[in-house]
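Please open the model in your viewer and keep the selection panel at hand. The stops below say what to select next and what is to be found there.

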Amino acid sequence: MSNGARIRRKGLAATAGLAILGLTAACSSGDATSDSSADAGSGSGEDVVLEFAQWWEPELPDGMLRGLMDQFEEENPGITVELLSGPYASTKEQVVAGAASGTMSDVVGLDGAWVSDFVNQGAIADLSALMTDAGYDESQLAAQVQLNGATYEIPVVNFAYMLFTNDAILADAGVDVPSTRSEFVDAAEAVTTDDVSGWILPLSLEAPNGVQNDVMSWVWASGGSMLADGQPDLTNEAVTSATEYIKELNDAGVIAPGAATLKEQDKVEEFTNGRVAMMISSLAHINTIRESNADLEFTISAVPAEDGYSGERGTPYASWGIGVAENSEHKAEAWKLIDFLMSESANAELADAANAFPGNSTAVPEFVNNDEIFQEAFDVWQAGYPANEFVGLPVAEQLMREYGEQLQRVLAGEIEVSEALENAQAAWMDEF
Amino acid sequence: MTAVTAAGASSAATAPTRTDVVRRQRRKKIALIVALVLGAGFPALPIVWMVSSSFKTNGEIFEYPPRLITENFSFDAYTAILTDPEKLRFFFNSYFIAGSVTLLTLLVAVHAAYAFSRFEFPGKRIINVVVISVQAVPPITLLIPYFGLVVALGLYNTYPGLILTYMVFTLPYAIIMMTGYFNTLPKELDEAVKVDGGRPFTALWKVLIPVSVPGMVSVGVYTFMIAWNEYLFALTLTRTNDMRTVPIGIQLLMGQHAYEWNQMMAMSVLGCIPVLILFLFFQRYFIGGMSAGAVKA
Amino acid sequence: MTATLTPEVKEEHRPEEPPSSRVRLRRLWDRLTPYGFLSPTLVLLIILMVTPIVMVIGYSLMDRVITAPESNFVGFENYMQVLTDPAFANAVGNTIYFAGISVVAHFVLGIAFALMLNSPILGHKTKAIFRTVYILPWLFTIAIVAVLWRMLLSPNGIVNYLVETLGFSAGSVEWLSDPSLALPAVTFINIWSGYPFFMVSLLAGLQGISRDLYEAATIDRAGPIKQFLHVTIPQLKPIIISMALLDFIWTTQQFALIWMTTGGGPIDRTEMVSTYTYKLAFSTYDFSVASAAAVVVLVLSMVLAFFYVRHQKSRD
C-alpha cells in the first residue's frame, strides 16, 4: 500500500508537469494554425482563410449560406470562408471550449443570451473598434448588442415572437383573435375541450428559452420590464401580474399538459396538429407549420396586453447574432464578412431564406411583399418595439432556468406567486 | 432458467418413458418461446414505433390517435439521407472509428488484463483503483482541459484523436472484464506452456486468448457501442463535418426551431442495421462457446 | 475479428522476447514483465485521462477559471460551496435512486433474459433471432433514445393512447413532467436502454460454466432453483459484481439521457450530479465550482473502487 502511494505521488507530479506543457503547447499551436494566413493579413497577397462557425447552415435551405459566401469571396479576392456548422443546442459549449484553448473560429454565430459570458471570458472582440477602423456607417444597423459601451454582437437577422391562433378552432368556438389578457383567457377557455388546449407553455429546463419567449413576452407586451436600472426586479408589478396571469391560465386548465418538459419544437408540433389553439411563437415557424400541415389556417397578431394598456407593445425576438473571436488573426477580414452579411442585399437575402426580419434597417426581404401572413407580422413588428431584456445579461440562460424552476413550482401548486418571485429575485441577485 | 436446469434433470433421470420426456420437452419449449416473445415486446415495441415514424411525414408523427402505418407511407426520409454525401460520410466515420477502437482496445486490454490476472507486482492495487475510478469523473467537466490537450497533441479534428479518446473511455471496462474472464481460467493452462519453455506472451496468445473469445466478443460489442454512440467528444474534438459521426448527424437534424423527426428516426434505423448484422455474425462465438461446453459434458 | 488478428500480433512480438542467459537479468526481466504488459494502458490513461483530471483538480482550487482572464488560489472554498449546497444534496439523492434502481433492474432483466436465451432446448436459429431482438435498445445513440421516449411518453403519445384506451387512466398521464413521476420515468428509460449490456456479459459468463457442475447438482437431486442459487449465481458472481460496480459508476454520470428528456426538471426532481455539474459549468459559467463537484464525485467513486479491489483481493 505504502509502495503504491509513493508511485501514485510520483505519477501526479509527472502529470502535473505534462499538464502545464499541454497548456503552453496549446497556446503555441493555436498560433501555429493561423500562421500561414497571418502573413496574408499583412498584405503579401496570400489567401486568408476565415473560419465562420455557426448553427445557421443546417437551418437554411441547402447551399444557401455557401452561396452567399461564394458571393463574398468573389467580391473580396484573397479571402476564402470555411463554414463550420454545428447543432444549435451545442453551439455554446463549442464556443466556450474553443475560446479556452485558442481554437475559436474567426467569425462566430452568437445568441444574445451568451454575449455577456463570452465578453467576461475575453473570447469575443470589441466590434466598435473594428467598425471605427473600417470607417463603417453604423446607422444602417437596426441593433447592436453593447456591453460597457462597446459593441460585441450584431444581430444579423431577428426572429420575432408573436401570437399564432388557429382560425378554425377559434371560429368553431365563436371567438375572435384576442388582444387583451382577459380576452385571451376567455378565448382559451372557450376553445378548450378534451382534445384541444387553449394555450401551450414550453417550460423545459434543458432549453429554458420558453421563459423568455412565452412568459416574459407577457410582461414586455404590456410595456413592463423585469429589470430596474439593469438589476433584476422580478417582484415588481408587471412581472407579478404576468406570473399571476399564467397561474390563472393554469388554474383554468387551458394550458396543454406536460408544460414542464415541453420545448419550443414540441409547442409547434402541437399547434400544427390542431391540438392547441394559440401559441406565442417565432415567425420562423410559419414555414415549418406550412410544410407539416398545408391546410392549417392561422393568424398572427401581437401578444395580448393588459386590459386598458394602449402604449407600444414590446415584441420579443431571438436573433442570429454575429461576433469576432478575440484571438482571431484576421479581425479586419472578419469584419469585412460581417459588413457583407449586414449589407442591404445580402442581409435581405438571408432574412428571406430564414423567414426572419433583417438586421439591416433598410433591407426589405421579399416575403414581406409576397406573403400576407408575413405582411401582417411585419406590421405588428413595426408598430411595436423589439424587446428582449435577456440579451446581454450575465448567465442569461441560467436566469431563465431559475425563474422557470420557480414558475414550475407555482404551477405544481407548491408555492405562491409572491414566494416564487422572491426566490427567483434572490437567485438572480446572486448571479449579478 | 427453469428450462436450462430441467433439461439437464430430465436427461439424467431414467424412469419416465421416452414419449413422456419428449412431450415434456416440447411443452417446456413452447412455454419458453411464449415467454421470449412476450418479453421481446419490452425492447422491441419502442423500436417498432421508431421504424414506423421513419416512414411518416413530420406532421403524421404527432397525430392523435397514433397510427402505426399512415396513408403517406414513404421512403422520403431514407432517400434524403442516402443521397446526401455528407450524411453517408457520417456513417463511414462512425464505422471506421468504432471498428478501430474495438480492435485496439481489445489488443491493449488483453495484455493489461493478463498482467492483472497472472502477476503480483508492486502498485497493482493502486493502479487497479485508478483504472476503475477514473471513469467516474463526469466527462462534461473534463471537456475543456481535455480539449486543450487534444489540440496541444495535434490530434484536433483527426481520426486518431477520436480513436484514442474512446480507447481511454473503453479500456477500463475492457481490462476489468478481461481480467475477470482470465481469472476464471485455471492457472494450470498457462503453466503448461511455461513448463514447455514458453514465455508469458506465448501463454497469453496460444492458450488464454483462444479460450476467451466469448468474453472478448462481449467486451468488443460493448466497446463498439460506446464509440458508436458517443456524442459530446465526437462533436467537440472535431471541427468539420467530414470528420464527424452519426450521433452528430442526428443532432444536426434537431434544429433551433424544428426537428426533422422522420429523418432522425430513419438515420437511427439505418445506423443500427449494420451493427445488427455484425452482432448476428459474432453470435457464432457465443454458440461456439456453448457447443464446446456440450462436448466437454 | 480477433481470430484474424491473433497470428499477426504474435509474429510481431516473438522476436522481442528476451535472451535469458543470466539468471539475474532473467529475474529482473520477470519482475518488469507485468509492467510491460501494462505499459500501453498506462501511457494512454496517464496522458489522456489523468492529465485532464489533474487539471480539473487544479481548477477546483481556483476561482473563476477559464471564464475570466485571471484566477486566484482559493483553497477549499469551492468544495465548501458544493458540499453546503442543498441542490447538490438533492442531486446526490436523485442520482443514488436513479443509479441504484437501474443497476438492480439491469441485473434482474439481464439474468432473466440471459438464462432464457441460453436454454439448450431452443434451436440455434431461434436463439440467434431472440438474442438480436433483445439487444436492440443498445444499438441506439442516447440522443435518439431520449427523443424516442419523449415521443412515446408525451401527453399525446402512444403510451398515453394505450393507457387511455385500455382504461387504466381517464386523462393522459404526464410521465415526464409530473413532479412525482418524472424520476421513475427517466429511471425506466435508463433501464430500457441499459439492460442489454448486462445481458450480453452474463450470457458470455454462462458459456463459461461447466455442464459438469449442473450434472453433479442433478445427481445431488438439486431442483432448478437450488441449481440456480448454488451453481449459476456463484459461478457468475465475479462478473455480476464487476458489472454492478461499473454499471453504477456509469449510471451516475448519465447526462445526455436526463438532459434531453427532462433537463433536470420538473423543478429539481430529476436533477442528477451530472446535470448539476453541467449547469454549473455551461449555464452558470462557474467552472471552478463545477470542477469541485466533479472531484467530489471522483473521490466517492475512488472509495467505491477501493472496496471493490479489496474485495477482489480477499476473494483470491
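Begin with chain C of this predicted model, where the domain assignment gives domain 1 as residues 17-50 and domain 2 as the two segments 68-143 and 181-315. If you colour these separately, you are looking at two parts whose C-alpha centres lie 33 Å apart.

Stay in chain C and select Tyr285(C), which sits in the loop between α12 (273-283) and α13 (287-315). Although Tyr285(C) is not a glycine, its phi is positive, near 70 degrees. Tyr285(C) counts as buried, because its relative accessible area of 7% falls under the 20% cut-off.

Next, move to chain B and select Asn157(B), in the loop between α7 (139-152) and α8 (159-184). Asn157(B) is another residue other than glycine with a positive phi, here about 60 degrees, and at 14% relative accessibility it is buried.

Still in chain B, select Arg23(B), Arg24(B), Arg27(B) and Lys28(B), which together form a positive surface patch. Within it, Arg27(B) belongs to helix α2 (residues 18-54) and is exposed, with a relative accessible area of 56%.

Finally, turn to chain A, where a negative surface patch includes Asp176(A), Glu183(A), Glu244(A), Glu248(A), Asp307(A) and Glu422(A) among its members. The elements that contribute two or more residues to this negative patch are α7 (181-191), α9 (237-251) and α17 (417-431) of chain A.

Technical notes:
Residues are numbered from 1 along each chain as its sequence is written. Chains are lettered from A and ligands numbered from 1 in the order in which they are written. This is a predicted model: local features need pLDDT of at least 70, side-chain atom pairs count only at pLDDT 80 or more; totals for chains, interfaces and linings use all residues. Side-chain values use heavy atoms; hydrogens and water are left out. Patches are made of residues with over 30% relative accessible area and no salt bridge: like charges are joined within 9 Å, nonpolar side chains (Val, Leu, Ile, Met, Phe, Trp, Tyr) within 5 Å. Accessible areas come from the Shrake-Rupley method with a 1.4 Å probe; for residues, only the protein chains shown count as cover. A salt bridge is a side-chain nitrogen of Lys or Arg within 4 Å of a carboxyl oxygen of Asp or Glu. Lys and Arg count as positive and Asp and Glu as negative; His and the chain ends are not counted. The place of a charge is taken as NZ of Lys, CZ of Arg, CG of Asp or CD of Glu. Helices (H or I, at least four residues) and strands (E, at least two) are DSSP runs, numbered from the N terminus. Buried means under 20% relative accessible area, exposed over 50%, partly exposed in between (1.4 Å probe, protein chains only). Domain bounds come from an automatic or database domain assignment.
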